[in-house]
Structures are given as structure tokens and as C-alpha cells.
Amino acid sequence: MKNYVIVLGGGSGRRMQAGQNKVFLPLRGVPAIIRALAPFSALCAGAVVVAAKAEVAQMRELIARFHMERFVLDVVPGGAERQNSVYNGLKALPGDAECVLIHDGARALVTEDVIKRALASVEEHGSGVASMPVTDTIKRAASDGLVLETPGRASLYAVQTPQAFRAEDILSAHKQARRDGFLGTDDAALMEHAGLPVYLCEGSAENLKLTTQTDLALAGLILNARAEKEAGL
């Protein structure tokens, strides 16, 4: 299959109090968005990066500085919601796209192994959404804090990205969501809304999303450990 990736880079750094878009923050000297893009370059024919409208030029400059302009086919402006941003990315894909992976640029520690599992799931099932089993006990509660139920965690999963789909399926799901005025929290939700099957595949505990300063510190520790392992220390 001809694989392409859409990487979303329009996030902010408000909860992290970073003073800038968190995908531009350096992790061991390399911006998060570049780290998020790099593992896909060996497995995909190209990438489309979605950036905040005011940061498109900055994103293009950064991609060129790290010599990824051949892999990144285009940088397009995002929309008001994540869903709109993904749709803009889908419209920018080449016509030969057969499989599309959608990835959050704030998940900068994604590995080729996670990507390969998502692609294998698409080959077998038509979709592959990186996820991890929930290990904490989950409570469903009312707005005042009253616990309503404790669902069994055996069938509960925390969803990550990449989320991979056949190109025609995810584009159809986005178009139907737009017609119906449906707003989903991720692309898998749009597939579900369209009545299309969604299959989970194994993600990684290290595939964290940079949201807080704690996440940033943990990412640094993980990258340090990876560097030591590569150096044979």
C-alpha cells in the first residue's frame, strides 16, 4: 500500500506554560515536531504537516532546517477544530494515497515499531489505532462527583496516535461528519460515526503526549535512556 502521514502541529503550550507552540520545543536539541515526523520517513511515501495559520512559514523553515523538505510534501494551515485540521491535511494528500496515518505532533517519541503495527493492522483489518490497556481503575461520575459506576477495565483502552486507515475510508468518514455536523474527539470516532470498523493495535507506554512540564521532563528521561542503549552503556 502507498502510505502517507498527516502530522498535526498546531497545538499550543498553554498547559505547559511554554510560551510557544509545544511542538517547537527542543527535546535533546531537536524540536518535538521533527522527532514526531522522523520515524515515519522510512515507512511512508511522504507527509503533510498541519500548522496554525500564523505558524505555517515558521513550520516550513524548521522542516527545511532539519532537511526534511523532501519528505514533507506540504505544510497546510489548520482549522478551528482538530477535525477541521485533519480534513485540510487529507485534502492535501496525493491522489495515490492508499493508507493514511494521522499523528499528533506532540507525540514526539513515537517509534517505527508502533507505526509498523498500525500499518499491519490496516493491511489485515482496514484500520489500526495505537492504544494501550487501561491500568487504573476507572469511575464514571456525575457532575457533583457522585460515582455512578465502575466499568470493568479489561475492555478499556487509552487511545494514542498514530491512527491509520484506508485513505478512502477516512476521507469518506470526514465528509459524512461534515454533512452531519458531527464533531469527534479523534479520527476513530469519525469512522465509528460512519459505521466503519475500527481496530486497535498495540501502542507504547513511551508514546506519551507532551501536555505538561512533567511530560516534558519524562520525555527527556526516555530519550536519554534510548541514547544510552544505542551507545551500549
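These are my notebook entries on a predicted model of one protein.

**Overall build.** I began with the secondary structure. The protein has seven helices and eleven strands. I then looked up its extent. The C-alpha trace spans about 50 × 45 × 35 Å along the principal axes. Next came the radius of gyration. For 233 residues, a compact globule would have a value near 17 Å. The protein has 18 Å, so the two agree.

**Contacts and burial.** I took the contacts between residues at least 6 apart in sequence. Of these, 72% join residues at least 24 apart. I also checked burial. Buried residues make up 45% of the 233 residues.

**Surface and charge.** I looked up the accessible surface, which comes to about 11,800 Å². Carbon and sulfur atoms hold 49% of that surface. I then turned to the charged side chains. There are 25 positive and 26 negative ones. The centres of the two sets lie 4 Å apart.

**Cysteines.** How many disulfides does a search of the whole structure find? I got zero. Cys44 is in no disulfide, and its nearest cysteine sulfur is that of Cys99, 7.3 Å away. Cys99 is likewise in no disulfide, with the sulfur of Cys44 as its nearest, at 7.3 Å.

The cut-off for buried is under 20%.

Methods. Residues numbered from 1 in each chain as written. Predicted model: local features only at pLDDT ≥ 70, side-chain atom pairs only at ≥ 80, totals over all residues. Heavy atoms only, no water. Disulfide = S-S within 2.5 Å. Helix = DSSP H or I, 4+ residues; strand = E, 2+ residues; numbered from the N terminus. Rg over C-alpha atoms; globule rule 2.2 N^0.38 Å. Buried < 20%, exposed > 50% of the residue type's maximum accessible area, 1.4 Å probe, protein only. Contact = heavy atoms within 4.5 Å. Areas by Shrake-Rupley, 256 points an atom, 1.4 Å probe, with all protein chains shown as cover. Lys, Arg positive; Asp, Glu negative; His and termini not counted. Charge placed at Lys NZ, Arg CZ, Asp CG, Glu CD.
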